[in-house]
Amino acid sequence: DTFAETSPMPGAAADPAAVALDAHRVLVTGGYDADPNASIAAVHIYDDRTAAWETWAPMNVARRGHSAVLLPDGRVVVLLGKVMGAIYDRRAEITEIAP
């Protein structure tokens, strides 16, 4: 019922998508950093047991303002979002294996 400061995420990311993988890990994808007109493809996993971030393979499409959904088999599908400026992308991508 409280918040506590933890280690910073590698790289800035405004407007990312986040999805809980299990009771301890959160997958954070995309967003943008210094330029709000350019999206990033970064993927990071935070584990509260270690209070550490792991950088994972980037998405194929840099995007922000998108959605991420955990599938029953543990994979994550990432869809929609802005890729540059006001340009939206309707493609989806899915993690190859469960992280």
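Me: How do I read strand pairing, and when do two strands pair?
Reply: Two strands pair if DSSP finds at least two bridges between them. Strands are DSSP runs (E, at least two residues), numbered from the N terminus. Strands of a sheet pair through backbone hydrogen bonds, either parallel or antiparallel. Here, β6 (residues 76-79) and β9 pair in the antiparallel sense over three bridges. V77 has I94 in β9 as its bridge partner.
This is a predicted model: local features need pLDDT of at least 70, side-chain atom pairs count only at pLDDT 80 or more, and totals for chains, interfaces and linings use all residues. Residues are numbered from 1 along each chain as its sequence is written, and side-chain values use heavy atoms, with hydrogens and water left out.

Me: In what order do the three strands of the open sheet run?
Reply: The order is β5-β6-β9, with antiparallel pairing. β5 (67-70) and β9 (92-94) stand at the edges; each has a single partner strand, so one side of each is left without a neighbour in the sheet.

Me: Which strand does β3 pair with?
Reply: Strand β3 (residues 43-47) pairs with strand β4 (residues 52-56), antiparallel, over five bridges. V43 has W56 in β4 as its bridge partner. Four residues lie between the strands of this hairpin, where A51 takes a positive phi near 55°.

Me: What is an aromatic pair?
Reply: Rings of Phe, Tyr and Trp (its six-membered ring) pair if their centres lie within 6.5 Å; planes under 30 degrees apart count as stacked, over 60 as edge-to-face and the rest as tilted. The whole structure holds one aromatic pair. Y46 and W53 form it: tilted, 5.0 Å centre to centre, with 50° between the planes.
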